[in-house]
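User: I'd like to learn how to read a few features in a model like this one. Can we go through them one by one?

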Amino acid sequence: MPASSQSNFLYGAAVRTPALITDHPYQELVARYCDLVVPEGELKWASVQAKRGVFNFDKADAVVDFAKRHGIGVRGHTLAWYAALPAWTKDMASRQEAERVLEQHIRTVVGRYAGTIRSWDVVNEPFPDDPRSSHDLRKSVWLEQIGREYIPLAFRIAHETDPAARLFINEYDIAFAGSRFKSKRDALLGLVRELVNNKVPIHGVGIQAHINADRQIDSVGLQEFLHAISSLGLEVIVTELDVIDFSLPADIQLRDALVAAKAYEFLDVVCGVAAPPAVLTWGITDKYTWVPIYFTRADKLPNRPLPFDRNMRPKPLYSVIEYFRYRGRR
Ligand code: G3I
């Protein structure tokens with residue numbers, strides 16, 4: 001969905017069931033503020049094809065039906081990833097079998113939502129945390145069984161299944177200063193260039209933007225990366241923005257201000273160079289966030305990574321998103 005004429009980009013968020021069905025203040029928040037939603041887990045293999053060949057779309061349909069009722073767009077996440085795979089995928093024993101399984105999954109899932117889900121994270125997190133090159137791909141059942149060809153294969157099947165869908169590769173740790181983050185930018189750029197040169201149907205790059213508050217943003221490195229992606233004719237979208245605050249001060253007012261400032265620094269670069277048509281946060285309220293799974297605070301205080309607090313009240317981070325959403329428009 002193109003950004004509306006009044007704003008620079010569509011704002012959206014990852015949402016999760018059953019909260020989207022049972023938590024009415026959460027439902028109202030999503031319906032009021034989101035142009036887009038992406039199921040946080042309901043379109044992952046573990047949810048959709050927990051048993052081989054048995055597809056269950058109940059949870060994904062709940063998100064899609066909610067979105068349809070509220071006139072909200074939907075992004076799909078994700079078709080080929082190393083994680084959230086059901087145990088049976090370890091039993092695939094040959095390249096041919098893995099290709100058949102991957103193709104059946106993509107055709108079934110993308111086909112079901114053709115015309116509804118207009119944008120997909122086809123390949124998620126293809127690189128390890130410190131890639132030596134664009135050929136140094138993260139270990140996964142897909143890489144082991146099919147080789148690096150799993151990446152163009154996934155894009156081609158998704159495009160054949162829904163030629164109108166916008167197809168993205170999605171990665172994290174793209175924005176920071178430091179050699180391993182530059183390595184990831186370089187590797188991702190190299191892979192994307194290879195896909196474009198080989199006429200693979202890729203339309204854009206998703207920058208996840210899980211912004212670790214104690215890491216420095218590499219503004220110059222990020223700008224160079226964004227210019228290079230745009231020069232390939234590809235879109236850039238922000239797919240999973242949140243600010244990981246586990247190392248920030250306990251004081252809520254100060255912490256919220258620092259979270260907002262970090263997001264401002266990041267969005268100032270991205271919106272200045274790439275004009276993303278969509279910016280999504282990975283969750284919308286601190287009540288439902290993945291962050292404490294890996295980044296619990298030493299003082300055990302709840303994390304505050306998202307635009308709205310656990311009582312659905314807007315925080316300074318929301319004001320920052322709104323600023324970039326309407327900058328130059330009013
Ligand atoms: O649904 C089961 C539930 O039945 C079970 O009782 C419970 C306890 O084991 O686990 C539940 O599944 C969890 C699932 O989230 C749904 O809540 C998984 O254990 C847990 O690993 C899973 O974590 C998700 C993670 O991706 C792995 O899929 C996070 O919520 C989700 O925020 C996170 O999202 C990722 C993006 O997909 C890719 N980018 C990074 C981002 C953050 O890690």
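This is a predicted model: local features need pLDDT of at least 70, side-chain atom pairs count only at pLDDT 80 or more; totals for chains, interfaces and linings use all residues.

User: What is the peptide bond from His-77 to Thr-78 like, cis or trans?

Analyst: The general idea is that most peptide bonds are trans, and most residues other than glycine have a negative phi. Here, the bond from His-77 to Thr-78 is cis, with omega near -5°. Another cis bond runs from Thr-17 to Pro-18, with omega near 0°. Pro-18 sits in the loop between β1 and α1 (19-22), while Thr-78 belongs to strand β3.

User: And phi? Where is Ala-84 placed, and what is its phi?

Analyst: Ala-84 has a phi near 55°, a positive value in a residue other than glycine. Its place is the loop between β3 and α5 (95-112). Ala-84 counts as partly exposed because its relative accessibility is 30%. Glu-125 also has a positive phi, near 50°, and it is found in the loop between β4 (117-124) and α6 (141-146). Glu-125 is buried, as its relative accessible area is 8%.

User: Now cavities. How many cavities of 30 Å³ or more are there?

Analyst: The general idea: rolling a probe the size of a water molecule over the atoms shows where empty space is left. In this model the count comes to 2 cavities of 30 Å³ or more.

User: Which residues line the largest cavity?

Analyst: Glu-125 turns up again here, in a lining that also has Ala-80, Trp-81, Tyr-82, Asn-124, Pro-126, Arg-138, Lys-139, Ser-140, Trp-142 and Tyr-150. Sorted by class, that lining has 6 nonpolar, 2 polar and 3 charged residues.

User: What about the second largest cavity: which residues line it, and how do they sort by class?

Analyst: Its lining includes Tyr-172, Asp-173, Ile-174, Ala-175 and Phe-176, along with Ile-207, Ala-209, His-210 and Ile-211. By class there are 7 nonpolar, 1 polar and 1 charged residues.

User: Which charged end sits over the ring of Tyr-172?

Analyst: That's Lys-184: its charged end is 3.5 Å from the centre of the Tyr-172 ring. Arg-75 does the like with Phe-168, its charged end sitting over the ring at 5.2 Å from the centre.

User: On to rings paired with rings. How many aromatic pairs are there?

Analyst: As a general idea, a pair of aromatic rings is described by the distance of the centres and the angle of the planes. The count here comes to 16 aromatic pairs. Take Tyr-264 and Tyr-323: their rings are stacked, 5.8 Å centre to centre, with 25° between the planes. This pair links distant parts of the chain, with Tyr-264 in helix α10 (residues 252-273) and Tyr-323 in helix α12 (residues 316-326), 59 residues apart.

User: Are those two buried or exposed, or something in between?

Analyst: Tyr-264 counts as partly exposed because its relative accessibility is 33%. Tyr-323, at 38%, counts as partly exposed too.

User: How is the pair of Tyr-264 and Phe-324 arranged?

Analyst: That pair is tilted, with 4.9 Å centre to centre and 50° between the planes. It again links distant parts of the chain: Tyr-264 in helix α10 and Phe-324 in helix α12, 60 residues apart. Phe-324 is buried because its relative accessible area is 1%.

User: Which residues do ring pairs link into a cluster?

Analyst: Phe-246, Trp-290, Tyr-294 and Phe-295 are linked into a cluster by ring pairs.

User: One last stop, Ser-7. Where is Ser-7 found, and what does its side chain reach?

Analyst: Ser-7 is found in the segment before β1 (10-15). Its side chain reaches the backbone oxygen of Phe-9 at 3.2 Å. With a relative accessible area of 2%, Ser-7 is buried.

Key: Residues are numbered from 1 along each chain as its sequence is written. Side-chain values use heavy atoms; hydrogens and water are left out. Rings of Phe, Tyr and Trp (its six-membered ring) pair if their centres lie within 6.5 Å; planes under 30 degrees apart count as stacked, over 60 as edge-to-face and the rest as tilted. Helices (H or I, at least four residues) and strands (E, at least two) are DSSP runs, numbered from the N terminus. Buried means under 20% relative accessible area, exposed over 50%, partly exposed in between (1.4 Å probe, protein chains only). A charge sits over a ring if NZ of Lys or CZ of Arg is within 6 Å of the ring centre and within 35 degrees of the ring normal. On a 1 Å grid over the protein atoms alone, a cavity is a set of points where a 1.4 Å probe fits but cannot get out, and a pocket is an open set with protein on both sides within 12 Å along at least five of seven lines; lining residues have an atom within 4 Å of a point. Grid points are joined across faces, edges and corners, and a volume is the space filled by probe spheres set on the points. Ala, Val, Leu, Ile, Met, Phe, Trp, Tyr, Cys and Pro count as nonpolar, Asp, Glu, Lys and Arg as charged, and the others, Gly among them, as polar. A polar contact is a pair of N or O atoms within 3.5 Å; within protein, one must be able to donate a hydrogen and the other to accept it, and residues adjacent in sequence count only if both atoms are side-chain atoms.
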